[in-house]
Amino acid sequence: MKTAAALSRLGTESAFEVLARANALAAQGKDIINLGIGQPDFKTPDHIVEAAVKALRDGHHGYTPANGIPELREAVTADIAKYRKVTVDPANVMIVPGGKVTMFFAITMFGEAGAEIMYPNPGFPIYESVINFTDATPVPMPLHEESGYAFDADEVLSLITPKTRLIILNTPSNPTGGAVPRSEMDKLANGLAEHPHVTILSDEIYARMLYDGREHVSLLEYKHLHDRVIMLDGWSKTYAMTGWRMGYGVWPSNLIEHATRLSINVHSCVNASAQFAGIAALEGPQDAADEMVKAFDQRRRVIVDELNAVPGFKCPEPGGAFYAFPNITGTGIGSMDLQNKLLNEAGVAIISGTSFGALGEGYVRFSYANSTRNIIEAIRRVKECLNSA
Ligand code: PLP
């Protein structure tokens with residue numbers, strides 16, 4: 001059998017592999033605490049579930065328009081107006097099955113041999129995977145611990161060449177928890193005015209998860225970039241809906257037709273009842289979503305203190321999302337070795353920083369989407385395991 005060469009270039013998201021290994025160990029009776037996977041440990045709020053059940057009972061069983069039902073796209077634009085203070089036309093919104101789909105569409109629209117695509121490193125692993133899949137050249141945008149893992153706008157601008165087609169930004173960030181401040185975003189947006197050939201994919205899936213009064217700075221705010229910003233968001237993280245597969249992209253007018261065509265070729269439309277749930281999520285009470293962020297904030301404080309008390313660990317305060325990304329070089333153990341050691345010997349699932357790009361060596365990711373009790377117990381085990389090494 002001869003398969004396409006591109007298949008060999010496709011990477012993966014190790015969090016799913018670690019989850020499978022953790023589940024296999026748990027099935028053998030091992031006590032595993034999972035701080036590996038990036039999904040809220042909360043249930044989807046009831047009123048959202050009920051909206052999906054009602055939609056099914058009301059007979060919403062057929063295809064919907066490929067770009068999503070109009071009421072949902074309108075609800076998305078109202079949400080963007082409320083939280084990002086930006087007016088968007090519902091015609092530019094494309095509902096897709098999960099946040100990842102906008103990413104895949106954007107990268108495959110611009111990626112091909114000879115093109116350069118810049119992406120955060122360490123960053124969400126699917127960026128680099130899909131860039132490689134398209135045969136474009138991945139250009140890492142280094143994120144530095146010293147600046148709270150925010151990008152350095154001058155550095156990003158200096159990496160742009162005539163071949164750069166797409167720059168991927170992600171704030172708040174997975175895996176670092178870094179949140180880019182307005183000053184740095186302004187600098188980048190101003191600099192991008194000089195590079196009209198560059199499109200920007202702004203992954204804002206953690207936009208509602210920010211701490212200590214930090215503000216979310218959306219790329220949609222910059223009017224001069226409107227015709228070349230693709231904004232990615234979705235329901236997975238904000239409403240604890242990872243399994244529903246609900247996401248959206250806001251596309252520039254000249255790209256929305258391509259995105260619609262890709263959708264028609266791939267999935268036709270998103271599950272109709274899930275779309276009704278999506279409306280209930282955006283238009284209904286926000287207390288559950290807000291409470292979840294409060295809980296993450298409390299756990300964030302706990303985990304940062306606990307991690308900084310582990311000999312050889314140094315953990316900056318994450319500004320957003322639900323990840324801590326400590327520097328572990330002081331342990332003298334490599335990132336992947338530490339991931340495997342902690343899973344096998346301490347029953348604690350975490351993810352090696354190298355799963356997020358080569359610049360993740362020396363770091364590991366802890367997801368704090370778990371109870372405070374489990375977090376404290378996990379880090380007690382980490383200390384015990386490293387002590388006995
Ligand atoms: N973007 C980032 C930065 C993420 O961390 C994730 C999920 O972990 C996604 C996108 C994908 O979200 P979804 O599960 O909705 O596809």
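Let's start with the shell around the ligand.

A word on the source. This is a predicted model, where local features need pLDDT of at least 70, side-chain atom pairs count only at pLDDT 80 or more, and totals for chains, interfaces and linings use all residues. Residues are numbered from 1 along each chain as its sequence is written, and side-chain values use heavy atoms, with hydrogens and water left out.

Now the polar contacts (pairs of N or O atoms within 3.5 Å). Asp 203 puts a polar side-chain atom 2.6 Å from a ligand nitrogen. Gly 99 uses a backbone N or O atom, 2.7 Å from a ligand oxygen. Arg 245 has a polar side-chain atom 2.7 Å from an oxygen atom of the ligand. Alone, the ligand exposes 390 Å², and the protein buries 94% of that (Shrake-Rupley method, 1.4 Å probe).

Next, aromatics. The count is 13 aromatic pairs (Phe, Tyr or Trp rings, six-membered for Trp, centres within 6.5 Å; planes under 30 degrees apart are stacked, over 60 edge-to-face, the rest tilted). Take Trp 235 and Tyr 248: the ring centres are 5.6 Å apart and the planes at 75°, so this pair is edge-to-face.

Definitions and conventions
A polar contact is a pair of N or O atoms within 3.5 Å; within protein, one must be able to donate a hydrogen and the other to accept it, and residues adjacent in sequence count only if both atoms are side-chain atoms.
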